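Please keep the sequence and the model in view while reading.

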Amino acid sequence: MSKLLFIIIGLALSSYSLSKELAVNESSSGLKEGEAVLLKVHGKPLYMYKVNEQDLENLNILDSHVFNSKRTPLVKEVGVFVVWAVSTKTRCLLKYMAPKTTTFGNTWLGGYYDPCGDVNYDISGRVIRTKEFTMNNYYNKYPNLKHPKAKHIEGTEIEIYNSGI
């Protein structure tokens, strides 16, 4: 397995928390700021994205350009968002797209794109409703991305629970 694509901490692949939810320990140490990594956790695709200062500014810009302004909780100690990597409607695998100017001249601030439903999500998993901030000059009103419960353990370790999908 590639160290950049799937990083497991310790010898055990999983453990049980006190609430009996299946948990997996992951590390954000291989991620650089502004990078996303696609993982398989409990057999489900998941994105882990390490934020930088510009990302936080971009999220504030997008606050008035999303259908639902509630953000996925940031694992603050290590600066990552953790979201399930499937569309909330089509169940299609999402593609991470770095910030850029699109062929339509739109300002894409980075996030996830659902090629099956033409839906654009920001890095925190919110659906973008303003065409000028989308990848494809199109929007659909879908629910925000779902996210697992994730909590900081120590150092760069995060415990990810099999929940929220």
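## The loop residue H65

In this predicted model, H65 lies in the loop that connects α1 (53-62) with β5 (80-84). The side chain of H65 makes a polar contact of 2.9 Å with the side chain of T130.

When neighbours within four places in sequence are left aside, the contacts of H65 are V127, I128, R129, T130 and F133.

Strands β3 (residues 35-41) and β4 (residues 44-50) run antiparallel and are joined by seven bridges. Within this pairing, L38 has Y47 in β4 as its bridge partner.

Two residues stand between the strands of the hairpin, where H42 adopts a positive phi near 55°.

## The largest pocket

The volume of the largest pocket is about 150 Å³. Its lining is formed by N68, K70, R71, T72, P73, S124, G125, R126, P143, N144, L145 and H147.

Sorted by class, the residues that line the largest pocket comprise six polar, three charged and three nonpolar ones.

## The chain as a whole

The protein chain contains 12 strands and one helix. Read from the N terminus, the order of its elements is β-β-β-β-α-β-β-β-β-β-β-β-β.

The chain has 165 residues, of which 45% count as buried. Among contacts with a separation of 6 or more, 53% are between residues 24 or more positions apart.

Definitions and conventions:
Residues are numbered from 1 along each chain as its sequence is written. This is a predicted model: local features need pLDDT of at least 70, side-chain atom pairs count only at pLDDT 80 or more; totals for chains, interfaces and linings use all residues. Side-chain values use heavy atoms; hydrogens and water are left out. Helices (H or I, at least four residues) and strands (E, at least two) are DSSP runs, numbered from the N terminus. A polar contact is a pair of N or O atoms within 3.5 Å; within protein, one must be able to donate a hydrogen and the other to accept it, and residues adjacent in sequence count only if both atoms are side-chain atoms. Contact means heavy atoms within 4.5 Å. Two strands pair if DSSP finds at least two bridges between them. On a 1 Å grid over the protein atoms alone, a cavity is a set of points where a 1.4 Å probe fits but cannot get out, and a pocket is an open set with protein on both sides within 12 Å along at least five of seven lines; lining residues have an atom within 4 Å of a point. Grid points are joined across faces, edges and corners, and a volume is the space filled by probe spheres set on the points. Ala, Val, Leu, Ile, Met, Phe, Trp, Tyr, Cys and Pro count as nonpolar, Asp, Glu, Lys and Arg as charged, and the others, Gly among them, as polar. Buried means under 20% relative accessible area, exposed over 50%, partly exposed in between (1.4 Å probe, protein chains only).
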